Amino acid sequence: MEIRKTSNPEKNRSFKNKHFYNLRDYSLVGISYTLLTIILTYPVFFKIKTDIPGTGADSFQWMRILWYTKIAIKEANLAALTHDSLLFYPNGIESMPFSSAFNQVLYVLLSPFLELHVIYTILWLLTFIIGAVGSYFLVKYLTDNNYAAFIAGIVFAFSPYHFSRGLYFFGAATVQWIPFCALYLMKTVKEEGIKNPVLAGIFFILVAMSDLQYLIFMGIFAGLVFFYDFYLTLRSRNNFTHSVKQIIIKYLFFWRGRFSRSTAFDH
């Protein structure tokens, strides 16, 4: 008689219920942060069609940066990313091609469907919502406490620093990918496999594409995490060669992504 192993229906049901409740909880968290963003940034959301957040001046300069990116990409005979010939014509001035590449790329993709000021406001609002969610996931992973995680999301996303950067400096206001990068760097240390370092590398690229100063800060943080993980690996294994090999495999994708992005900015 052949005996086949069958799945445990109770176990499968428990697994599905767990994921259902997680999805429900995370959806409630996202909705809560969205409502808080609308309330705490009032009346930005309600004037999205006519006004932009900020005090003018640099806010309009950032809008022009988004607009000029599309012009430089689609009309190369008229303008270039590294030289703005539309200012001080005909000589023009040197310009930084991607001062906030994440926002610039998204603007180019969304521009056929929405107006410039609407895209600017949407991206601005998302820095609060996504930043809060990222902080929630980070603290939830570290503490396994929903209340501490939710408060952490509020503290990070709606901090005075974030609001003040949002009034003037669009790139510096794009802080939402920092907690996600930190989360997967922490998971890289605590968990096996290459999924976490790959995700950490992806979010590191997004941090670098948001603002160059965050590239430096997150690079320092990532370096400290790398050396700490290297120390733990050496301490837990007797074979030095095997320890080094494990670390190299673990961080290969993250460091390649970081190097590629840094090189792109250098050029």
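Arginine 24 is partly exposed, with a relative accessible area of 42%, where partly exposed lies between buried (under 20% relative accessible area) and exposed (over 50%), as computed with a 1.4 Å probe on protein chains only. The side chain of arginine 24 meets that of aspartate 25 in a salt bridge, at 3.7 Å from N to O, the term standing for a side-chain nitrogen of Lys or Arg within 4 Å of a carboxyl oxygen of Asp or Glu. Aspartate 25 is likewise partly exposed, with a relative accessible area of 30%.

The model is a predicted one, in which local features need pLDDT of at least 70 and side-chain atom pairs count only at pLDDT 80 or more, while totals for chains, interfaces and linings use all residues. Residues are numbered from 1 along each chain as its sequence is written, and side-chain values use heavy atoms, with hydrogens and water left out.

By the salt-bridge rule the count comes to three. Another of these pairs joins lysine 187 to glutamate 191, at 3.2 Å from N to O; here lysine 187 is buried, at 16% relative accessible area, whereas glutamate 191 is partly exposed, at 28%. There is also the pair of aspartate 144 and lysine 140, with 3.3 Å from N to O.

Aspartate 144 deserves a further look. The residue sits in the loop between α4 and α5 (146-157), and its relative accessible area of 61% makes it exposed.

The overall architecture comes next. The chain holds 11 helices and two strands, these being DSSP runs numbered from the N terminus, with H or I over at least four residues for helices and E over at least two for strands. Along the sequence their order is α-α-β-β-α-α-α-α-α-α-α-α-α. Of the 267 residues of the chain, 40% count as buried. Among the contacts in the chain with a separation of 6 or more, 65% come from residues 24 or more positions apart, a contact being heavy atoms within 4.5 Å.

In the loop between α1 (9-40) and α2 lies proline 43, and the peptide bond leading from tyrosine 42 to proline 43 is cis, with omega near 10°.

The interior can be followed from its nonpolar core, a set of buried Ala, Val, Leu, Ile, Met, Phe, Trp, Tyr and Cys residues joined through side-chain atoms within 4.5 Å. The largest such core has 52 residues, of which Tyr120, Phe170, Trp177, Cys181, Leu185 and Phe203 touch the most other members. Helix α4 (residues 116-143) gives the most to this core, with 11 residues. Once neighbours within four places in sequence are left aside, tyrosine 120 is in contact with Ile52, Pro53, Ser59, Trp62, Met63, Leu66 and Phe170.

On the α2 side, Ser59, Trp62, Met63, Leu66 and Trp67 meet Leu116, His117 and Tyr120 in α4. By class, this contact of α2 with α4 has six nonpolar, two polar and no charged residues, where Ala, Val, Leu, Ile, Met, Phe, Trp, Tyr, Cys and Pro count as nonpolar, Asp, Glu, Lys and Arg as charged, and the others, Gly among them, as polar. Helix α2 (residues 58-74) and α4 pack at an angle of about 110°, with their axes 10 Å apart. That makes α2 roughly perpendicular to α4. Such axes are lines fitted to C-alpha atoms, for helices over the stretch in contact, and angles run from 0 to 180 degrees between N-to-C directions; angles under 35 degrees count as roughly parallel, over 145 as roughly antiparallel, 65 to 115 as roughly perpendicular and the rest as oblique.

Phe204, Val207 and Ala208 in α9 meet Leu212, Tyr214, Leu215, Met218 and Gly219 in α10, a contact with seven nonpolar, one polar and no charged residues.

Tyr214 also belongs to the surroundings of valine 175, whose contacts beyond four places in sequence are Phe156, Tyr161, His162 and Tyr214. Valine 175 is placed in the loop between α7 (170-173) and α8 (178-190), and is buried, with a relative accessible area of 5%. Valine 175 and glycine 131, though 44 residues apart in sequence, are 6.4 Å apart in space, C-alpha to C-alpha.
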